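Welcome! Let's take a guided look at one protein structure, step by step.

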Amino acid sequence: MADDTGFPGGAGTLVEALASRGVSRRRFLQFCSSMTAALALPASYTPRIVQALETQVKPTVVWLEFQDCAGNTESLLRSPHPDVAQLVLEILSLPYHETIMAAAGTQAEANLDDVVRNLAGKYVAIVEGSIPTADGGIYCTIGGRTALDIATQVTKSAALVIAVGDCAWDGGFVSLGPTGGKGVGQAVSGISPINMAGCPHNSVNLAATIVHYLTFGAAPALDQFGRPLFAYGHLIHDQCERRSHFDAGRFVERWGDQGALSGWCLYKMGCKGPATNYNCSIVRWNDGTNWPIGAGHGCVGCASPQFWAQMSPFYGRLPNVEMIGVDTTAQTIGLVAVGGVAALTAVHGVGVIARMQRNKRKAGVAPDGTVVLEPPAGPDASAETPGDAGTGGTN
Amino acid sequence: MAKVVVDPVTRIEGHLRIEAQVDGGAVTDAWSSGTMFRGMELILQDKDPREAWIWAQRICGVCTTVHAQASVVAVEEALGIDPPPNAKLIRNLISGAQYIQDHVIHFYHLHALDWVDVTGCLTADPAKTAALAQSISPWPLSSTAYFTEVQARVKALVDSGQLSIFTNGYWGHPAYKLPPEADLMAVAHYIEALSWQRDVIRLHAVLGGKNPHPQTYLVGGMATGVDPNSPNVVNPVRLDLMAEILPKMRKFVEEVYIPDVKAIASFYPEWFALGAGHRNYLAYGGLPNGAQTDTALYTFPRGIILDGDLSTVHEVDPTKITEAIARSYYTYPSGQDAALHPYDGVTNPKYTGPTPPYQELSTDGQYSWLKAPRYDGKVMEVGPLARMLVAYGAGNEQVRALVDSTLAELKAPATALFSTLGRVAARALESAYLLDWMDTWLNDLAKNMNGGDLRTVDTSRWDPSTWPAEAQGWGSHEAPRGSLGHWVKIKDQKIANYQAVVPSTWNAGPRDQNGQTGPYEASLIGTPVAIPEQPLEILRTVHSFDPCLACAVHVVDATGAEKVRVEVL
C-alpha cells in the first residue's frame, strides 16, 4: 500500500504508534468507521480503510500559510476524530506548519527545504490563504521569499496538494483587494489541488480526504471546482433541519420573533442554504455540536465559488426560490444566486447551474475501491468560475 | 556584532520578521516587520453596515469573534442601539470562552516550547515527574504510569525519525533550564491542552453555530434565541451543555495552566527583569455588565498606566488615538510624517522594501506592513498585562488579590510585572479572573430565561430607513491580545469609512515619525542571545506578546486611495 501511494517506507505504522500509547483497537476502529461515514461510503468499506491505515506509514505533510487568517489552522485544531494530537504525532508527520511548529527562522526554512529536497513526489502540501500575484508578489514574503515563489516550489514537487479554505481555493475575500490574491491552483500552473472550500473548511472533511487518499491511493471524486463530492455534492437546503418549515411556509420574519424562537426557516432573513453546497448540516461543527443555522443565523454560502462577491448582501433574500411545498430546481436557484458584480454575474449564474446539474450525478464505487462518478450529463466547463481553479485529482 | 534575522517567526498567527542587532551577547537594537498585506480597501466601502461583522471577523481566525464583536458594537453605537441584556451575556460568554481557550493555547502550543525542551522528556524519571506534578496540583492525570506512557509516546516519535511539529527546535540550547521532569510534565500538558481546547470551545458552537468564525452576531443583538420551551434555541438542554463545559475550563486553568506557569517561571526568575519595553499600558476596557457605554461596569476597566506608575490610572480619550506611517509601506496624502485618527484613516499601500528574495530589510527606511498606533503621541502596550495593570491600579479587588498572591508566591516585587514573564503571568491570572465571570454570565442568562426575558435582539433599527442620513461609531473591545477598536462612518445606509486598529498593531508596529520604537522593538533591547544562530531568547520576548499579524496589518479598511484623494481636500 505504501508503494502504491508513493509514501516513503519507515518505522511505525499508525496502528503501532497508537498501540504504543495505549490507544485501543476499538477506538481505532471507531475512527475508521467515522471516516467511512464522512466519505459517504457504505459501511462495508470500513475494513478496507482499517487495512490501509494499519499498513500505512506516516505520510509527511507540509502546511503553508500565505495571505491567511489561520482560521483553517484553527479548524484543524478542532478536529474531533482523529484528535489533533494523534493527527500531528501519530497519523501524520508535520515538520512544517508555521503556527504550531517548534522551529523558527532558519531552522524552520530548513525543515521545508529538507522535505522538498528529500521527499520530492512523496509528500502532501496543504495550502492555507491566498497568494498575492500583483507587484512581484511583495504583499506576502516569508524568509525574504515571496509566497508565490515558495508555493510554486513546494506544490510542484508534492504528491498531493490540498487547498484548505476559500482563500487558498479561489482567493477568497483577498481576491477582491489590490494584491492580486489568488488560490493556489490559480496562482501555480500545472497543479490540481483538492479544494476544501468553506470559510473555514471543516476539518472532518480534510481528515476524510486524507484517509481516502491513504486508503485508495487516489483523491476522492471531485466536482468541477476540485471539491470532494462527498462534502460538496449536496445543497444545504436539501439537508437542512429546518427544511420542513420552508416546505410548510413557516418563516422567520423578523429577528427574535416567535418564528425565530421556534426554529423556523431563515430563508427570508437572507439564508443562502438554497444556493450552497456543503455538508455543514450533516457533519456540523466542533464534534457535531451545532452549525450556523442551528444557532439561528442564516447560511452565508461560504463554500460557494467567490462567495464574498456572489452571496453578499448576506441579509438580502435569494429571489425566485420556489415556495411552499415545491422542490427548488437547480435552475431557479442558480440564476438567483448571482448578485453584486455585474461582470461576474452572468458567468457565475451559468456556473452555478452547471454545478447544480453536475451534482445530480451519482457517485459509485468502482471495483478497485475508488469512488467514481457516472458520466456527466452535460458539462459546461467554459461556464465555470473561478475558471482556472484546478479540477483536482492528482495521480 | 551580528545581525540576527528571525523569519518566519513561528508559533504565532501570521507573518512576522524580527531583525535584531546583537552586540556583546545581547540585543542592542531591533526591528519588527509585518511581511503580509491583504488590503481590503474599498471592499467594505458601500457595504451594508449590518453585514460588516461577517467580513471583519475574517481579519483573524485565531482571534475569531473579536472583530465581529467590535464591528457590531461600532455600528450599534453609530445607530444608537444598546442591545438587550441577554445579547450582552451571550457575547460575554463567547468572549470569555475565547479568552480562556486562546490563552491556554498560547501558553502551551505557541509559547511553552521557548521554555520547555521536548527532548528533556526522554531522560526524565516518570516517578519523579509524578511527584513533581502532585506537589503543585491536585490534577488527577499525574501517576507514574501516566507519565511513563507520555514518555513512551515522545520516545516513539523520536525513534521514528519523524519528529513532526517538533522537528529542528532549539533542543539542547543552554537557555533551557527546566529539569527533565518538568519538561515531561509540560509536554504531557501540551498534549492534554490540545484535546482540552477542542472540547471547551464547543461553547462557541452552542451559542454561535461553530468555531472558528461563529455566525450568530447581529447589529442589535444576537441571532441565537433564548426560550425554555423551544428545542431550537438556548434552552435548558443547551444551558446544561454549557454548564458542563465551564467546570472543565475552570479545572484545567486552576489545576494545570496556572500551576504550570508558576512552576516554569520559578526556573527562569531573570525573565521577570527582562523585556519591559516602554512601560506605558493602554486598555480600552470591555465586556460590559451594563449599558454598552457604561465603562464603570466593564469586566475589564478602561484606563492608561504611564511609565510603570501604578498609583495613577489615566483616563482614555479616544480622540487621542492616531496612526503613523513614516516607517511603514504606506503613504498619506497629508505627508509621510502625519498621524491620523482612525475616523480619518487612510490605507494607501506603497511597498518600498527590498526586492524579494532578500536577505535584509532596509531598516533605515520603511520596513513593515504595520502602521504605528500612538496615544497622545506615546507608544502603548496593550494586552493581558495592560488589562491587569489597569485593573490593579484602578483598585479591582479580585485582580489585586490574584496579582498580590502570585507575586508573593514567586517572591517577586510588583515591578516584576513589567517583563517578559509578567505578560505570561498576567495572561494566566486574567484567565482565572474570567472563570467567575463566566459562571455569573451563564447564571444570569438562565435567570433571565426562567424569568421570562427572552429578548436577544433589538430590531428597532434593523430597517435602514430608520437610520439618520449620517452616523459614526466606535466599537471598542478587549480582545485576548489587547485593545481593539473599529471605527465606522455610515452615510446613506452604507459604509462610508471603516478602520480597525488592532492589538498587535499597537504591539508589533514599527518606529514612528519621531523615531520612537514599537513595543516589541523596545522590549527586545537588552535581551541576551547566547547563540546568534539559535535566537531562542528573542522568541521568548516576542512570543510573550502573543503576536497576531493577520490582525495587525490593516485588512479591512474601507478607505482606499481613490476615496482619500477626494476626502482630503
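This is a predicted model: local features need pLDDT of at least 70, side-chain atom pairs count only at pLDDT 80 or more; totals for chains, interfaces and linings use all residues.

Residues are numbered from 1 along each chain as its sequence is written, while chains are lettered from A and ligands numbered from 1 in the order in which they are written.

**Chain B as a whole**
- Chain B holds 16 helices and 15 strands; these are DSSP runs, numbered from the N terminus, with at least four residues (H or I) for a helix and at least two (E) for a strand.
- The C-alpha trace of chain B spans about 70 × 65 × 50 Å along its principal axes.
- Of the 569 residues in chain B, 63% are buried, meaning that 20 or more other C-beta atoms, placed from the backbone, lie within 10 Å of the residue's own.

**Where chains B and A meet**
- Chain B brings 89 residues to the contact and chain A brings 85 residues; two residues are in contact if their C-beta atoms, placed from the backbone, lie within 7 Å.
- On the chain B side, H5(B) gives the largest share, seven residues.

**A sheet in chain A**
- Five strands form an open sheet in the order E2-E1-E3-E7-E9 (chain A), with parallel pairing; strands pair if DSSP finds at least two bridges between them.
- E2 (93–97) and E9 (194–196) of chain A are at the edges with a single partner strand each, so one side of each has no neighbour in the sheet.
- Trp63(A) has His97(A) in E2(A) as its bridge partner.

Notes. A residue is buried if 20 or more other C-beta atoms lie within 10 Å of its own, exposed if 12 or fewer, and partly exposed in between; C-beta atoms are placed from the backbone.
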